[in-house]
Amino acid sequence: MGTQAFDEIMGPPEREGARSELVDLCHWLQATPADELRRRQEAAETTFRQLGITFAVYGDSDASERIIPFDIVPRIFLAREWARLSEGLIQRVEAINAFLHDIYGERRILKEGVLPPELIWGNPQFRAEVVGIRPPHDVWAHICGIDLVRTGPDDFFVLEDNARTPSGVSYMLENREAMVRLCPELFSQFRVAAVDSYPDMLLETMRSVSPRGCGQNPTCVVLTPGHYNSAYYEHSFLADSMGVELVEAADLVVDDDVVYMRTIAGRVKVDVIYRRVNDDFLDPLVFRPDSMLGVPGLIAAYAAGNVAIINAPGNGIADDKAIYSYMPEIVRFYSGGEAKLPNVETWRCREPQALKYVLDHLDELVVKLVDGSGGYGMLVGPTASRQEIETFRAALIAEPHRYIAQPTLALSTVPTLADSGLSPRHVDFRPFVLTGSKGVKVVPGGLTRVALKEGSLVVNSSQGGGTKDSFVLMDDANSMTQTMGGMTQSIGADGMVQSLGGADLTREVR
């Protein structure tokens with residue numbers, strides 16, 4: 001790993017001038033004064049605040065609700081880059097679904113010695129309560145957010161898999177709407193794939209896995225823990241965008257293993273639930289008995305095949321970071337080929353030799369809890385204090401099985417509007433992948449998260465990170481017309497990649 005980060009606009013350090021495909025973006029940045037960029041950025045953030053696009057920071061009494069900072073400079077993926085990423089994402093998500101189906105069923109991967117059994121049986125994310133239950137159409141991970149990092153022109157790595165309740169898609173959509181409104185000139189210079197069809201794609205995915213079948217006009221709902229949840233805006237946004245009901249536990253009742261929604265007109269049978277409630281709180285009769293957020297009897301209805309739950313209960317085992325370290329083997333086992341998107345090199349601290357290496361190199365590594373998220377429970381060795389390192393050393397020695405470690409990657413950078421003007425800031429990327437009964441689709445865009453602090457590698461919003469719009473560029477061949485924000489554009493055949501008999505499909509995006 002080199003010490004200098006790859007600049008996604010300018011290219012490798014030895015290159016003079018911008019990458020040829022992105023010269024127009026450089027010209028735009030040079031021609032637009034910093035004050036004008038800042039004015040547009042502040043206008044976007046003002047709109048977000050007025051719309052209530054906020055998230056909660058648990059334990060922060062000074063700022064319990066805040067917006068995620070938005071950066072006006074977009075990140076751009078070339079069509080050939082996106083085609084390669086899409087192939088790797090489809091392969092990985094198909095392997096995740098196969099793994100979940102197997103681990104809660106025949107467990108071939110354990111019988112053949114690919115995974116150590118104790119990694120499953122001792123894992124708090126493994127839910128014995130759903131062993132033997134088959135979700136409708138055998139789809140487990142309907143919505144995946146696969147976090148990617150980039151270190152060079154062709155070097156993309158999977159940082160982690162999110163197969164429980166991945167968030168952030170509302171920011172992807174709102175960021176695009178802000179860019180179309182505030183920077184329309186960019187959409188005349190670049191052919192950008194639209195992302196605003198995501199709610200339609202999500203609803204289509206939900207309907208496709210209904211126990212009653214898509215053609216029977218199934219009733220779909222979004223189940224939220226309530227307005228105190230950090231992602232409540234996203235829950236309400238998606239329900240409203242799809243035209244389905246946003247419900248809380250009190251709105252649902254289970255009778256004779258069938259889920260009903262209470263309405264002023266009487267009970268309505270529910271076929272598909274997009275749950276944004278964690279497993280622990282989903283059904284007090286099966287998981288935590290003190291839960292006020294779940295629906296008593298929901299798992300019984302699910303086991304009876306009367307309701308689809310998106311994502312399926314028990315999915316947390318697939319985004320556990322210890323399981324992540326075995327993903328190359330998992331992909332190979334279920335697909336028969338090598339992973340097209342590699343993992344970041346990972347040391348499993350549960351293994352004595354790996355633990356010794358990690359303890360000897362704590363000041364060089366990133367150490368994470370296997371079940372951690374949001375940037376919490378993490379050590380970034382090169383920027384940590386001596387006390388922080390020693391605290392982590394003690395934790396590792398006490399419970400090594402709870403941690404993994406990875407090298408401190410030089411994450412790629414994208415120009416970002418800072419107080420002093422445009423400056424490089426490190427970024428990661430969360431594309432969203434939908435799986436229904438008809439195959440796997442990769443949304444042509446995603447959530448770029450940016451570390452707003454100079455030199456920081458932590459992009460999480462709860463840790464001071466921000467977001468950017470993510471442009472996926474289209475080829476000229478086989479173009480079709482889309483209307484976006486009042487502008488007519490041409491998009492290419494790679495706008496939507498779907499796993500369906502190996503075909504790449506495009507669709508008109510409204």
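Guide: Let us begin with the salt bridge, which is counted when a side-chain nitrogen of Lys or Arg lies within 4 Å of a carboxyl oxygen of Asp or Glu. In this structure, the side chains of R288 and D290 meet in such a salt bridge, at 2.8 Å from N to O. Before going further, please note that this is a predicted model, in which local features need pLDDT of at least 70 and side-chain atom pairs count only at pLDDT 80 or more, while totals for chains, interfaces and linings use all residues. Residues are numbered from 1 along each chain as its sequence is written, and side-chain values use heavy atoms, with hydrogens and water left out.

Visitor: Are R288 and D290 buried, partly exposed or exposed?

Guide: Accessibility is read as a relative accessible area, where buried means under 20%, exposed means over 50%, and partly exposed is in between (1.4 Å probe, protein chains only). R288 is partly exposed at 35%, and D290 is partly exposed as well, at 48%.

Visitor: How many salt bridges are there by this rule?

Guide: The count comes to 33 salt bridges, and one network of them links E8, R19, R75, E81 and R150.

Visitor: How should I read the pairing of strands, and what is the order of the open sheet of 3 strands?

Guide: Two strands pair if DSSP finds at least two bridges between them. The open sheet of 3 strands has the order β8-β9-β10, with antiparallel pairing. Because β8 (252-255) and β10 (266-269) each have a single partner strand, they stand at the edges, and one side of each is left without a neighbour in the sheet. From one strand to the next, the twist averages 40°, where axes are lines fitted to C-alpha atoms, for helices over the stretch in contact, and angles run from 0 to 180 degrees between N-to-C directions. Strand β9 (residues 258-263) is joined to β10 by 4 bridges, and Y260 stands opposite K269 in β10.

Visitor: How many residues of strand β22 are buried?

Guide: In strand β22 (residues 466-472), 7 of the 7 residues are buried, so the strand is largely enclosed by the rest of the structure. Strand β3 (residues 70-77) pairs with β22 in the parallel sense over 5 bridges, with F70 as the bridge partner of T467. Strand β21 (residues 447-450) runs antiparallel to β22 and is joined to it by 3 bridges, where V450 is partnered with G466.

Visitor: What does the confidence of the prediction look like along the chain?

Guide: The value to read is pLDDT, the predictor's confidence in each residue, from 0 to 100. The mean pLDDT of the protein chain is 87, and 87% of its residues reach 70 or more. Over residues 476-494, however, pLDDT stays under 50, and the model has 59 contacts beyond four places in sequence for this stretch, a contact meaning heavy atoms within 4.5 Å. Residues 500-510 also have pLDDT below 50, with 29 contacts beyond near neighbours in sequence. Where pLDDT is low, the predicted coordinates should not be read in detail.

Note on methods:
Helix = DSSP H or I, 4+ residues; strand = E, 2+ residues; numbered from the N terminus.
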